Amino acid sequence: MRRRRLLFSLLLAAAAGLGTAAVPPMGGPGAAAPAATPLDQVIPAPASVRGGGEAFTLGEGTRIRVPGGSGEAKKIAGHLAGLLRPATGYGLPVTTKDGRDGIVLRLGGSGTKGLGDEGYRLTSGGRAVTISAARPAGLFHGVQTLRQLLPPDVERQRDRPGPWRIAGGTIADSPRYAYRGAMLDVSRHFFTVAQVKRYIDQLAMYKINKLHLHLSDDQGWRIAIKSWPRLATYGGSTQVGGGPGGYYTKDDYREIIRYAAARYLTVVPEIDMPGHTNAALASYAPLNCNGQAPPLYTGTSVGFSSLCVPKKETYDFVDDVLRELAALTPGRYLHIGGDEAHSTSHEDYVTFMDKVQPVVAKYGKTVVGWHQLTGAHPAKGAIAQYWGYDKTGAAERRQVADAARNGTRLVLSPADRAYLDMKYDKNTPLGLSWAGYVGVERSYDWDPGSYLQDAPADSVLGVEAPLWSETLSTSAHIEYMAFPRLPGIAELGWSPASTHDWDDYKVRLAAQGPRWDALGIGYYRSPEVPWPAR
């Protein structure tokens, strides 16, 4: 299979070269223009590729066409133009006039049947490259593929010489899973709106469609709640190591949601409870069973805090927080945590989850919880996020599988595969290693459909790559730990299982390195990946 894929890539490259022989090279007299990127060399791997024919060349006269003038399509066209103009130096005007040349972004039509809400079709030829989709999200994902088919220098913010060519052929693509997420822990260390936006842009490149924000923990509360203001002003005033912390005002949070939505990501907010709640307990004494507020916490231990399950005040607090958060959040999901509640008895844990899940439903949202939720009574339609790993006991795995057979949907985030904060190896300066070292191959080389024994394959809603921030405090830290592992999790969520092959993938991954260099992403140059020389 690997030999067939390699041969196919060589044939695509040859076809791209033959199709552009008449294009004058920009590297000087007699210089051969570099071959266009073969259509099957992008990440995530497309569902279907048929290469061949003449390549498309982006030039000074290229227009971006939006036939029909759809408002969403025009926004996506503007986004594409904004990405391409700085490096190419071309005007790339957006027009609603139909035509057979340029870059055409088309919503609807007979060619989009069967592509679903997020699929797209990309057809490239000598005069035009056309992206068609049934829905705007699919059009946007197609634009991300087009972006990867152009040379890496297209990501730079200054004029580059080109040429800007896209290999000829057709891609028909749609995702394997509906849920393809990444989690950012803003509680252990606070990240600003600008830092979150930067990460959103990076996620969107690889067709991630969920941003899970871990908004509360022992070390900090990060979202303003009008009915309980000290949660943010006091509970958000510190972080791991004792730094200044911070929190999002409601307008800040709305801006994150707006920015994510423009890139077709849904924000999934998490309020972790009944454990991981010291910041809340420190802010309001009545939430504690003894009525005494503990001090703020800046360490990294887990499992020592718990809301007071028998108290009425606890459920007033939960109702107010979830009501305000639901009103701010247009997405369908609210994550209520539920992990590492070691200071809560099993009986109290079940009681708490039985009372809190209906509150989520009351405000029109779907419950998401860490997989310990399956040890209680998951509500109808609930989603359990599995974060176990190789050392997780058989009984716990069986509990999750049993819940899946009874209708609970699963998002898979195995800690020894998908946790981006795990060290790559013993020499990694950042991150933790309690789940072991997670190299790039290990992170990629598993199948979500068969990972959890005895769980029905159709119970898997998708995958998510969590990034916990005990040791991370800057965007550079985020990028070093996320790249190059994040694109692999994205591919597991998007691409057909038949395309998953480490030897093929690592070559495609290596080709992303120059693109990340152009974008200023400081990634880890893993020795497992054959990176091109700088």
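Biologist: Is Trp 516 buried or exposed?

Modeller: Bear in mind that this is a predicted model. Buried means under 20% relative accessible area. Trp 516 has 0% relative accessibility, so Trp 516 counts as buried.

Biologist: Which kind of aromatic pair do Phe 483 and Trp 516 form?

Modeller: Phe 483 sits in the loop between helix H13 and helix H14, while Trp 516 belongs to helix H16, 33 residues apart. Phe 483 is buried too, at 0% relative accessibility. The two ring centres are 5.1 Å apart with 65° between the planes, and over 60 degrees counts as edge-to-face. The pair of Phe 483 and Trp 516 is therefore edge-to-face.

Biologist: How far apart in sequence are the parts tied together by Tyr 315 and Phe 352?

Modeller: Their ring centres are 6.0 Å apart and the planes meet at 40°, so this pair is tilted. Tyr 315 is buried at 16% relative accessible area, and Phe 352 is buried at 0%. Tyr 315 comes from helix H8 and Phe 352 from helix H9, so the parts they tie together are separated in sequence by 37 residues.

Biologist: Which residues do ring pairs link into a cluster?

Modeller: The count of aromatic pairs comes to 26. Ring pairs link a cluster made of Trp 370, Trp 387, Tyr 389, Tyr 419, Trp 434 and Trp 468.

Biologist: Which cysteine does Cys 289 join in a disulfide?

Modeller: The count comes to 1 disulfide. Its link is right-handed, with 100° about the S-S bond. With an S to S distance of 2.0 Å, the partner of Cys 289 is Cys 308.

Biologist: How many charged residues are in the lining of the second largest pocket?

Modeller: This pocket has a volume of about 430 Å³. Its lining has 17 residues, with Glu 118, Ala 137, Lys 210, Tyr 264 and Thr 266 lying nearest the centre. The lining divides into 9 nonpolar and 2 polar residues, and the charged ones number 6.

How values were computed: Residues are numbered from 1 along each chain as its sequence is written. This is a predicted model: local features need pLDDT of at least 70, side-chain atom pairs count only at pLDDT 80 or more; totals for chains, interfaces and linings use all residues. Side-chain values use heavy atoms; hydrogens and water are left out. Rings of Phe, Tyr and Trp (its six-membered ring) pair if their centres lie within 6.5 Å; planes under 30 degrees apart count as stacked, over 60 as edge-to-face and the rest as tilted. Helices (H or I, at least four residues) and strands (E, at least two) are DSSP runs, numbered from the N terminus. Buried means under 20% relative accessible area, exposed over 50%, partly exposed in between (1.4 Å probe, protein chains only). On a 1 Å grid over the protein atoms alone, a cavity is a set of points where a 1.4 Å probe fits but cannot get out, and a pocket is an open set with protein on both sides within 12 Å along at least five of seven lines; lining residues have an atom within 4 Å of a point. Grid points are joined across faces, edges and corners, and a volume is the space filled by probe spheres set on the points. Ala, Val, Leu, Ile, Met, Phe, Trp, Tyr, Cys and Pro count as nonpolar, Asp, Glu, Lys and Arg as charged, and the others, Gly among them, as polar. A disulfide is a pair of cysteine sulfur atoms within 2.5 Å.
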